[in-house]
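Subject: A structure for you to look through

Hello,

Here is the structure I promised to pass on. Please open it beside this email and follow along as you read.

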Amino acid sequence: MRSICKIFTCFLVVFVCAFTNVKAAQGYYYQLKIYHFKTQAQEDRTNTYLKDAYLPALHRAGIKNVGVFKPVESDTLGKRIYVLIPLRTWAQLESTDQKLMADQQYLADGKDFIDAVYNDAPYTRLETIILTAFPKMLAPEVPELTASKTDRIYELRSYESPTEKYNINKVKMFNDGDEVALFKRLGFHAAFYSEVIAGSRMPNLMYMECFNSMEEHDRLWKAFFSDPYWKTLSAKPEYRNNVNHVDAIFLHPTAYSDF
């Protein structure tokens, strides 16, 4: 009987450890919110809300490393603010808004934004994108940069594919093809790599690289495209034609951004 109990206990320990490892291997989800504005007054109002109400409330809800970014001055796509929210589980993604609406401090701090009337809205459009982390980078990383936040360049890249099958292929190229490892070897500072699972422009993947300056950005990308491994990888027949549109958006982190 003792032998049977011992065997059962060992089995239970192995099962729990295996289950824990599976859970640990699951990557983050990301919610990327993009606020669009027509006026500077709208942008200022939203910026105050994010700084004084939204980020503090997310922190109280246990969500850390929230990024808030604005386009560089030379950007031509209009006034916007990007908010990157890392979430450990799908359940956390689903429940966060409900938690915030039960946070009385949040409702008080954000009252001007939350209770805005229809003809004085603090933004013209809110775009939301849901992403899931790549296997080769399961969690976000705050970049270890030396430059001040005002000098940093964060590049948000979006790769659209002709079909879902091509998108799967490009994601595989990042992971199985070790494109992620190549970025790391060359000294890039990645905030995240992810596949878009809900958004207005699909199928696609998105990731963010962070630089101390535009000069560093140019130097590292030059090294990337001239690297022998990249030349070999990109020339493989199985990875051809898996991207048909690329967007690269240059951003600065706000002073209160966790990134």
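Let's start with charged side chains: R45, D112 and D120 are linked in a network of salt bridges. A salt bridge here is a side-chain nitrogen of Lys or Arg within 4 Å of a carboxyl oxygen of Asp or Glu. In general, side chains of opposite charge can pair when their charged atoms come close.

Before going further, a word on the source: this is a predicted model, where local features need pLDDT of at least 70, side-chain atom pairs count only at pLDDT 80 or more, and totals for chains, interfaces and linings use all residues. Residues are numbered from 1 along each chain as its sequence is written, and side-chain values use heavy atoms, leaving out hydrogens and water.

How many salt bridges does the structure hold? There are 14 salt bridges. One of them is between E160 and R201, with the closest N and O atoms 3.0 Å apart. This pair links distant parts of the chain, with E160 in strand β5 and R201 in the loop between β6 and β7, 41 residues apart. Helices (H or I, at least four residues) and strands (E, at least two) are DSSP runs, numbered from the N terminus. E160 is buried, because its relative accessible area is 15%, while R201 is partly exposed at 42%. For these words, buried means under 20% relative accessible area, exposed over 50%, and partly exposed in between, with a 1.4 Å probe and protein chains only.

E216 also forms a salt bridge, with R219, and the closest N and O atoms are 3.9 Å apart. Why are E216 and R219 separated by about one helical turn? Because they are three residues apart in helix α8. E216 counts as buried at 14% relative accessibility, whereas R219 counts as exposed at 52%.

**The nonpolar core**

A nonpolar core is a set of buried Ala, Val, Leu, Ile, Met, Phe, Trp, Tyr and Cys residues joined through side-chain atoms within 4.5 Å. The largest one has 24 residues, and F174, F183, F188, Y193, Y207, W221 and F224 have the most contacts inside it. Among the elements that give two or more residues to this core are β5, α6 (164–175), α8 (214–226) and α9 (228–235). In soluble globular proteins, nonpolar side chains tend to be buried together.

Which residues does F224 contact, leaving aside neighbours within four places in sequence? They are E179, L182, F183, L186, F188 and W230, where contact means heavy atoms within 4.5 Å.

**A serine in β5**

S158 lies in strand β5 (residues 153–160) and counts as buried, because its relative accessibility is 10%. Its side chain is joined to that of N204 by a polar contact of 2.9 Å. A polar contact is a pair of N or O atoms within 3.5 Å; within protein, one must be able to donate a hydrogen and the other to accept it, and residues adjacent in sequence count only if both atoms are side-chain atoms.

**Backbone details**

M202 and P203 are joined by a cis peptide bond, with omega about -5°; P203 is in the loop between β6 and β7. D178, in the loop between α6 and α7, has a phi near 65°, a positive value in a residue other than glycine.

Happy exploring!
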